[in-house]
Amino acid sequence: MKNYIKADEWNIIEEGFDPHLNKISESIFSLGNGRMGQRANFEETYSGESLPGNYVAGVYYPDKTRVGWWKNGYPEYFAKVLNAANWVGIEVKIDGEILDLATAEVSDFRRVLNMHAGILERSFTAKLKVGKTVKVKATRFCSIADDEVGAIRYSITATNFDGTVTLMPFIDGDIKNQDSNYDEKFWTLVSDEINGTEAYIKLRTKKTAFEVCTGSSIELYKNSEKVAIKPEAVRKEKFVGQTFSVELKANEEITLIKIAANLSSENYEKESLLKETKAVIAKATAKGFDVLLSEQTEAWATKWEESDIVIEGDISAQQAIRFNIFQLFQTYTGKDDRLNIGPKGFTGEKYGGSTYWDTEAYCVPFYLATAPQEVSKNLLIYRHKQLGKAIENAAKLGFKDGAALYPMVTMNGEECHNEWEITFEEIHRNGAIAFAIYNYIRYTGDESYLSDFGLEVLIGIARFWKQRVNWSGEKQKYVMLGVTGPNEYENNVNNNWYTNLLATWCMKYATEAAGIVKAQQPDRYDNLLKSLNFDTQEFSDWADIIEKMYYPEDKNLGIFLQQDGYLDKEQTLVKDLPASERPINQKWSWDRILRSPFIKQADVLQGLYFFEEDYDLETIRRNFDFYEPRTVHESSLSPCVHSILAAKLNDEARAYEFYLRTARLDLDDYNNDTEDGLHITSMAGTWMSVVEGFAGMRVRDGKLHFNPFLPTQWKSFSFTVGFRGATLKINITENGITIKNHNGIDLKIGIKNKIYNLAGNAEIEVNNAALV
């Protein structure tokens, strides 16, 4: 675990330059705006260890699958978001010597991510080999007010010399992904253009033929006065730049303004892409850096009004929750239902930037409460649009009659994961998508979603589960064989409890959803069933499976078994593992992991989290107390579920421990993998740990309910949620809970199972004595 980030409520601060931490910092200080993102690579040359990364949403490449052996049903490719043209680059030479922090003597290094305004600032002093010293201050952002635009202000001060500074701002498209399976470069040049202070390069992806045009304009100021420049054009392979020199005397300062844009053929006709990029650059340049910065600050202020969590008395926790919220909104804004949320967002290449079940299980609850309703709806529509591909995916594995298997990993709806124990067996992802539809409707009350989109998806998923189970003559039950549950440290098991539970729940909910649509829109219901070639006998088939499904359990221990045979394992606990052997996924052979009882992430407990209302508190407690000591939490998705359940069980110590672990997972580099990129989807779990855990927020019977407690480390905490048109501010202190309604919508609110009337534009305050 690292501990070099300074504590601050609104800023992520790094002081001092340590090259060994650079790739970690490149992840932590990443910027994005939902349409594009940029790792915190330096503008100037850096010859040290670095992971360059600039990403454009929706643009991907089907990199050829690299497996040593092939099985029928494997996808032919692994889709990945591409490292796109580097637009931040500015080569700096001081009297001919390149400024490079890997070779210079660096002092006064400071990097600050201002989360309130969405701005990255960096400053340092560098002494070059010849003894000349410069001070540099750089400010940049990816605008969320105009999500095709990024801007840089880069200032250089000569401190101990008179000399010549040569600058070369550039756009470099000759890049590759570090995770390229065959070291292939994925871009080809379409065109480039340099017009004085403007430069453009248009690139096309191989195979998928996406086109991205990146453009930039530059301005120079000396001692705050604008200076006319006539740069010399520089062209290399897939590279455009402009170079010019400025004479500086000691203590004089020059400032380069670089405004850039990334436009994609996803949003524009290819033939007009260059023209549109020029128009965006012209508009942004006319505004200027200061106006763009002001718009960025105002846009982020609005975001924080909708989503901020304020923690009093614990600066580490405060910094962490804001960092998580900030990165989530940098990754996804909900403007485009073709986009989704990759586990690393725009901060790294791992997992290919593809969509996983993380979105439905973890991210949907966050956006439901912190963003307009269409944002979470667009996440669901993304899956509806890919229903045809899900049916094709199932057909490739031998399923028929409209059965849908959503992919474990995808860009366009096709499965592109290529490990058999995941591709073929980790089918619980199907249930997470169905649960997200239920969760969306439960929260918003928007039952029209079922007739418009949802029922089609639910029927496809239910049809899959019907074909995936089989009848066991020995057990006289339906069983599910050869699966991998959320705990990926168990492969090819029989009757994973969570997967069996999800299967029957999906069939129940599909039946219920069909009834709702039939009652509300009978014509739509009839047309839908006709188009799906649906025989109502399928409802009876589902009911039979629901009634006769097998669920492994141990009645003596009073627990649900993760899968058949789990208790045959030697029941060692995590506390007995030597620290030198953790994380086991880096220290043990896979064979040893598979034979161990250790659990990567919540599995049985994931089911108890989803369906907690179906189980009494003691059942949840027994399972929690059994499985948590066996869980190594080597998935970023694990601690938040444990934190929420621990809070429900009034286990404050473990609830808080798991909250801190999920909240500061990347800031403190818990798992030694932050350098690959941040864990964006698990960041939504951090929000859930506070709102669903410590505040105990749930939706039951169309009403928000709260069951709050205050961690002893905190004096208070407060947050804002949107719910069915109302905006609520919740404040929890040692004295009780206050809920203020900022809209004219009357609500009924549950607090510790007692219902209160909350009038529009009013507030209720309930003290702890009343909550007993």
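The model is predicted: local features need pLDDT of at least 70, side-chain atom pairs count only at pLDDT 80 or more, and totals for chains, interfaces and linings use all residues. Residues are numbered from 1 along each chain as its sequence is written, and side-chain values use heavy atoms, without hydrogens and water.

Helices (H or I, at least four residues) and strands (E, at least two) are DSSP runs, numbered from the N terminus. Two strands pair if DSSP finds at least two bridges between them.

Start with β9, residues 105-114. Strand β1 (residues 11-15) runs antiparallel to β9, joined by five bridges. Here Ile13 faces Val112 of β9. β9 is also joined to β10 (residues 119-127), again antiparallel, by eight bridges. Ser107 has Thr125 of β10 as its bridge partner. The hairpin of β9 and β10 has four residues between the strands. In this hairpin, Gly118 adopts a positive phi near 70°.

Gly32 lies in strand β2, residues 31-32. Its relative accessibility is 2%, so Gly32 counts as buried; buried means under 20% relative accessible area, exposed over 50%, and partly exposed in between, with a 1.4 Å probe and protein chains only. Leaving out residues up to four places away in sequence, Gly32 touches Gly37, Cys142, Ile144 and Gln330. Contact means heavy atoms within 4.5 Å. Gly150 is 118 residues from Gly32 in sequence, yet the C-alpha atoms are 9.3 Å apart.

Now the helices. α16 (residues 617-627) packs on α17 (residues 638-648) at an angle of about 135°, and the axes are 10 Å apart. Axes are lines fitted to C-alpha atoms, for helices over the stretch in contact, and angles run from 0 to 180 degrees between N-to-C directions. The two helices, α16 and α17, are therefore oblique to each other. Angles under 35 degrees count as roughly parallel, over 145 as roughly antiparallel, 65 to 115 as roughly perpendicular, and the rest as oblique. From α16, the contact uses Leu617, Ile620 and Phe624. From α17 come His642, Leu645, Ala646 and Lys648. The residues of this contact divide into five nonpolar, one polar and one charged. Ala, Val, Leu, Ile, Met, Phe, Trp, Tyr, Cys and Pro count as nonpolar, Asp, Glu, Lys and Arg as charged, and the others, Gly among them, as polar.

α17 is largely enclosed by the rest of the structure, because 10 of its 11 residues are buried. Among the buried residues are Cys640, His642 and Leu645. The cover includes α4 (358-370), α15 (604-610), α16, α18 (652-663), α19 (680-694) and β26 (698-700). After α17 comes Asn650, with a positive phi near 60°.

β31 (residues 747-751) pairs with β32 in the antiparallel sense over five bridges. Gly750 has Ile755 of β32 as its bridge partner.

Another open sheet has five strands, ordered β21-β28-β29-β30-β33, with antiparallel pairing. Its edges are β21 (309-312) and β33 (763-767). Neighbouring strands of this sheet are turned by 15° against each other on average, direction ignored. Within it, eight bridges join β28 (residues 716-723) to β29 (residues 726-733). Phe717 stands opposite Ile732 of β29.
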